Amino acid sequence: MSKYVAAVDQGTTSTRFMIFDHESRVIAIDQKEHRQIYPQPGWVEHDPDEIWQRTQEVIQGALAKAGIDAREIAAIGVTNQRETTIVWNRRTGKPYYNAIVWQDMRTAGICEDLARDGGQDRWRAKTGLPLATYFSGPKIKWILDNVPGVREDAARGEAIFGNIDTWVIWWLTGGPQGGAHVTDVSNASRTMLMNLHTLDWDDEILHALGIPRQMLPHIRPSSDPSLYGKTPVSRPLGASIPVCGDLGDQQAALVGQTCFSPGEAKNTYGTGCFMLLNTGTQAVPSKSGLLTTLAYRMGNEPAVYALEGSIAITGALVQWLRDNLGLIQKSAEVEDLARTVEDNGGIYFVPAFSGLFAPYWNLKARGLVIGITRFVNKGHIARAVLEATAYQTREVLDAMNKDSGVALTALKVDGGMVYDELLMQFQGDILGVPVIRPTVAETTSLGAAYAAGLGVGFWDNLQGLRQYWKEDKRWLPQMEAAKREELYRGWLKAVQRAIDWLD
């Protein structure tokens, strides 16, 4: 009997492969970063071939660390940075262009043109999404319109599209030699091309964007007992392993946090920050600037929906402090630098590098630091960087409470930044609710592993997975309510200064 399940977790800055046992314990992990490519201001790209190369390397690295035979792995799941868009040739496997990353702003003009007929919420009733550069559909249109030969190859059925999950699964299951061209409902719901209610590509939207349907992958369940495919006996695993789990990274974290009941929520702190609230089998329209999205669909069970608050820049702001300003050498040093001061010195940092996502969806906003005096030093800047993540989360939580009508009493958190104790305490203080970190903080990988394991019967059902969730640490609010609201009012004033900076 197979002893393990595994997951490819392809994120915005790195790729990891994690192996878990039946009790959800981590057996091995390997992780490697890939390049961030900035061709011009507002553009962000990745090299798809580099991502696939890193994927193969971390699979082999984790297997070597675990010292296990790949045949002991029952199934593989995939989780991924969502919305990042690749178009490649079905016969050769070669991308026509670099992957256009979810943070990329080049499609602002396309979105503005589309909004002239029906406004920013033109397709929100169908897709749950506003017109924004964030999503895949406008990125596909940009490639079709700007990269020579792609539209002609798409008409012939040779040029195909996928977000990162589709790209990785296609290669894992054989690539040009019969690779599965699939996605799951959670990733499809982030393209702005899928109808939330039919769970199929929407012909009206495809026509408006000029995207041929034959470019698009087949939409499958997030956990699929019929399998997407199997790995070839050759590299990278050296064994034929079922690939049958697929979830966008934030939905994977929701599953990994075992938020299976309506009203349960989690917040993931990564490159960006993403809060999801399970709303059950009903798609709940947002009136407060949130997204209505697919959470998951397990096998033939009904699809489960979620409300999502998407924040573009959180961990990426720490990287910016490291790479662009050189104030720290390693991302983990930001906490020590922030602890050299008692507070933010009166400054706020609004990281609207890609405009503002939830709850504003203002593409003309830009980043700012405000409140600077001669008193301010680099410690205050580091503290304001961390606090920006907590303030943005507060805005999303307030919106979520309005839309759901349910005031959250605690917040489950995961992702790389949850090991920053200063940030987590401030997060609890500014929210006024406990913040809870699980034993396995990399819940995106765990959620994808759960989806794959359920597909092959490694685990029996979703509810049975709850027994494996364990609390690691809890931060209780310590700040007085009056101070909390004073600080938050200052943040909201700063955000208003950043909005509509561009003409």
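A cavity, as the word is used here, is a set of grid points where a 1.4 Å probe fits but cannot get out. In this predicted model, the largest cavity has a volume of about 60 Å³, and the count of cavities of 30 Å³ or more comes to two.

**Enclosed cavities**

- The lining of the largest cavity is made up of Ser310, Ile311, Ala312, Leu356, Phe357, Ala358, Pro359, Tyr360, Gln392, Glu395, Trp491 and Val495, and the elements that give two or more residues to this lining are strand 18 (304-311), helix 12 and helix 15 (481-498).
- Sorted by class, the lining of the largest cavity holds nine nonpolar, two polar and one charged residues.
- The second largest cavity, with a volume of about 50 Å³, is lined by Arg383, Leu386, Glu387, Leu422, Leu423 and Phe426, and helix 12 and helix 13 (421-431) are the elements that give two or more residues to its lining.
- Four nonpolar and two charged residues, with no polar ones, make up the lining of the second largest cavity.

**Helix 12**

- Helix 12 covers residues 378-404, and at 1.5 Å a residue its 27 residues should span 39 Å, which agrees with the 39 Å between its end C-alpha atoms.
- Because 21 of the 27 residues of helix 12 are buried, this helix is largely enclosed by the rest of the structure.
- The N-terminal end of helix 12 is capped by asparagine 377, which has a side-chain oxygen 2.8 Å from the backbone nitrogen of glycine 379, while the residue that follows the helix is glycine 405, with a positive phi near 75°.

- Strand 1 (residues 4-10) runs parallel to strand 5 and is joined to it by six bridges, and alanine 6 has isoleucine 76 of strand 5 as its bridge partner.
- Strand 5 (residues 73-80) also runs parallel to strand 14, through five bridges, and here isoleucine 76 has valine 243 as its bridge partner.
- Strand 13 (residues 229-230) pairs with strand 14 in the antiparallel sense over two bridges, and valine 243 is the bridge partner of glycine 229.
- Seven of the seven residues of strand 14 (residues 242-248) are buried, so this strand is largely enclosed by the rest of the structure.

- The largest pocket has a volume of about 1000 Å³ and is lined by 40 residues, of which Tyr269, Gly270, Thr271, Gly416 and Met417 lie nearest its centre.
- Among the elements that give two or more residues to the lining of the largest pocket are strand 2 (14-20), strand 3 (26-33) and helix 9 (249-256), but the largest share, five residues, comes from helix 10.
- The lining of the largest pocket comprises 11 nonpolar, 17 polar and 12 charged residues.
- The second largest pocket contains about 630 Å³ of space, and of its 24 lining residues the closest to its centre are Tyr38, Ala316, Trp320, Asn324 and Phe353.
- Helix 10 gives the most to the lining of the second largest pocket, with five residues, and this lining divides into nine nonpolar, 11 polar and four charged residues.

Key
Residues are numbered from 1 along each chain as its sequence is written. This is a predicted model: local features need pLDDT of at least 70, side-chain atom pairs count only at pLDDT 80 or more; totals for chains, interfaces and linings use all residues. Side-chain values use heavy atoms; hydrogens and water are left out. Helices (H or I, at least four residues) and strands (E, at least two) are DSSP runs, numbered from the N terminus. The expected span of a helix is 1.5 Å times one less than its number of residues. Buried means under 20% relative accessible area, exposed over 50%, partly exposed in between (1.4 Å probe, protein chains only). A polar contact is a pair of N or O atoms within 3.5 Å; within protein, one must be able to donate a hydrogen and the other to accept it, and residues adjacent in sequence count only if both atoms are side-chain atoms. Two strands pair if DSSP finds at least two bridges between them. On a 1 Å grid over the protein atoms alone, a cavity is a set of points where a 1.4 Å probe fits but cannot get out, and a pocket is an open set with protein on both sides within 12 Å along at least five of seven lines; lining residues have an atom within 4 Å of a point. Grid points are joined across faces, edges and corners, and a volume is the space filled by probe spheres set on the points. Ala, Val, Leu, Ile, Met, Phe, Trp, Tyr, Cys and Pro count as nonpolar, Asp, Glu, Lys and Arg as charged, and the others, Gly among them, as polar.
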